[in-house]
Amino acid sequence: MKHTNKNQIKQDHWQTKTSGGNLVDKLHAYRDLHAHALFSSLGRLVASPFTSVLTIVVLAIAISLASGFYILVANLQQLTGNLEASNQISLFLKDETSNAKANSLADSIRRNPSVQNVKLITKEQALEEFQAYSGFGEAVKALEKNPLPFVIQVFPKNSLENEQEIETLLGNLKQETEVDFAQIDMKWVARLQSIMEVARRGVTSLSLLLGVGVLFVTGNTIRLELHNRRDEVVIAKLVGATDGFIQRPFLYSGFWMGFLSGVAAWFIVTITMLVLKQPVEKLSGLYDGAFHILFLGFMDTLTLLAISSMLGIAGSWIVLHFQLQRLKPE
């Protein structure tokens, strides 16, 4: 009762101040009103640590699952970016093609706007690589003539995004007179595109599902707090407090739960990625790779905290909107 009277005195004071003061006084009163609700709601969470920590941990686990799958897909996208060499178009030139014609064709392909990079492998370079990696070096030395052709490796732009553009580029390159045949694994491209699309949609669906779970958990927690403070709310309504005034501390409680859950989720994801960092990079080194695990960046962290805070506020508002309509003083 004493706490309710204090709140009502503060409301009357701020309403008097805002009704008769100038714009600066109104802004100061508005700021003081929200600052009081912000810190008083945090104090209520601290006053019941066991319940608050339990709720925040449950919310943090749900949020960290969504964030963890998001950063997993980001790392997979990084990996596919490093696999561009497996998605190149290889042009095998005719045996009678001279060095000048091969270089001229490579320069012409470089000017194509759909091409990101072009690499010309001469007959001598191809023979050296074959001797080094095939295991038949001595047998190759016995040959009187180099049987390997010129090879032009073409790296398309957006090679993992638009399959139609790759097919068009491949068709144009096949028409070059110096080209004997062209090779690319389009099925591999399609499979990789499908896998990444499934992963992205899976993360989106899971994030939405976990977001709904966060709404329900937050809403139920606020509903229980509203039930425990029912007498206080009824008295506030009897003395003329508006629904907005009554809702404000509960909405800030939802904000704090969402924000603190987002912070805890960030630590969970970061610690998990740190645990995986060394073995993953060691595995990458065994395959002569340079794969480095990505963490949640600055903007990702801000987005995580903003979404978790908004979910806390939204869950609180939904419950308050319906519960306060049903809660009428007798």
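Two strands count as paired when DSSP finds at least two bridges between them. I start there since the sheet is my first topic. Helices (H or I, at least four residues) and strands (E, at least two) are DSSP runs, numbered from the N terminus.

Some housekeeping. This is a predicted model, so local features need pLDDT of at least 70, and side-chain atom pairs count only at pLDDT 80 or more, while totals for chains, interfaces and linings use all residues. Residues are numbered from 1 along each chain as its sequence is written, and side-chain values use heavy atoms, with hydrogens and water left out.

The overall picture next. The protein chain has eleven helices and four strands. Of its 330 residues, 35% are buried. Buried means under 20% relative accessible area, exposed means over 50%, and partly exposed is in between, with a 1.4 Å probe and protein chains only. The accessible surface of the chain is about 19900 Å², and carbon and sulfur atoms hold 62% of that. Those areas come from the Shrake-Rupley method with a 1.4 Å probe; for residues, only the protein chains shown count as cover. Contact means heavy atoms within 4.5 Å. Among contacts in the chain with a separation of 6 or more, 81% are between residues 24 or more positions apart.

The four strands make an open sheet in the order 2-3-1-4, with antiparallel pairing. Strand 2, residues 115-121, and strand 4 are the edge strands, and each pairs on one side only. From one strand to the next, the twist averages 20 degrees. For angles, axes are lines fitted to C-alpha atoms, for helices over the stretch in contact, and the values run from 0 to 180 degrees between N-to-C directions.

Look at strand 1, residues 89-93. Which strands does it pair with? One is strand 3, residues 151-156, in the antiparallel sense over four bridges. Within that pairing, Ile89 has Val154 as its bridge partner. Another is strand 4, residues 179-183, also antiparallel and joined by four bridges. There, Leu91 stands opposite Ala182.

Strand 1 is mostly covered, with four of its five residues buried. Take Ser90, which is in strand 1. Is Ser90 buried or exposed? Ser90 has a relative accessible area of 11%, so it counts as buried. Setting aside neighbours within four places in sequence, Ser90 is in contact with Ile152, Phe181, Ala182 and Gln183.

Helix 4, residues 99-110, lies across strand 1, strand 2, strand 3 and strand 4. Relative to strand 2, helix 4 runs at about 170 degrees.

Next, charges. Side chains of opposite charge can pair when their charged atoms come close. The cut-off here is a side-chain nitrogen of Lys or Arg within 4 Å of a carboxyl oxygen of Asp or Glu, and that is called a salt bridge. By this rule the count is nine.

One of them joins the side chains of Arg44 and Glu232, at 3.8 Å from N to O. This pair links distant parts of the chain: Arg44 is in helix 2 (residues 23-47), Glu232 is in helix 9 (residues 230-238), and they are 188 residues apart. Arg44 is partly exposed because its relative accessible area is 30%. Glu232, at 17%, is buried.

Arg229 also has a salt bridge, with Glu225, and their closest N and O atoms are 3.1 Å apart. Both Arg229 and Glu225 are buried. Arg44, Glu225, Arg229 and Glu232 are linked in a network of salt bridges.

Another salt bridge brings together the side chains of Lys123 and Asp95, at 3.7 Å from N to O. Here Lys123 is in helix 5 (residues 123-134) and Asp95 is in the loop between strand 1 and helix 4, 28 residues apart. Lys123 is buried, with a relative accessible area of 15%, whereas Asp95 is partly exposed at 38%.

Last, the surface. Val53, Val57, Ile61, Leu65, Phe69, Leu72, Leu76 and Ile268 make a nonpolar patch of about 650 Å². Patches are made of residues with over 30% relative accessible area and no salt bridge; like charges are joined within 9 Å, and nonpolar side chains (Val, Leu, Ile, Met, Phe, Trp, Tyr) within 5 Å. Which helix gives the most to the patch? Helix 3, residues 49-81, does, with seven residues. Val57 is in helix 3, and its relative accessibility of 43% is why it counts as partly exposed.
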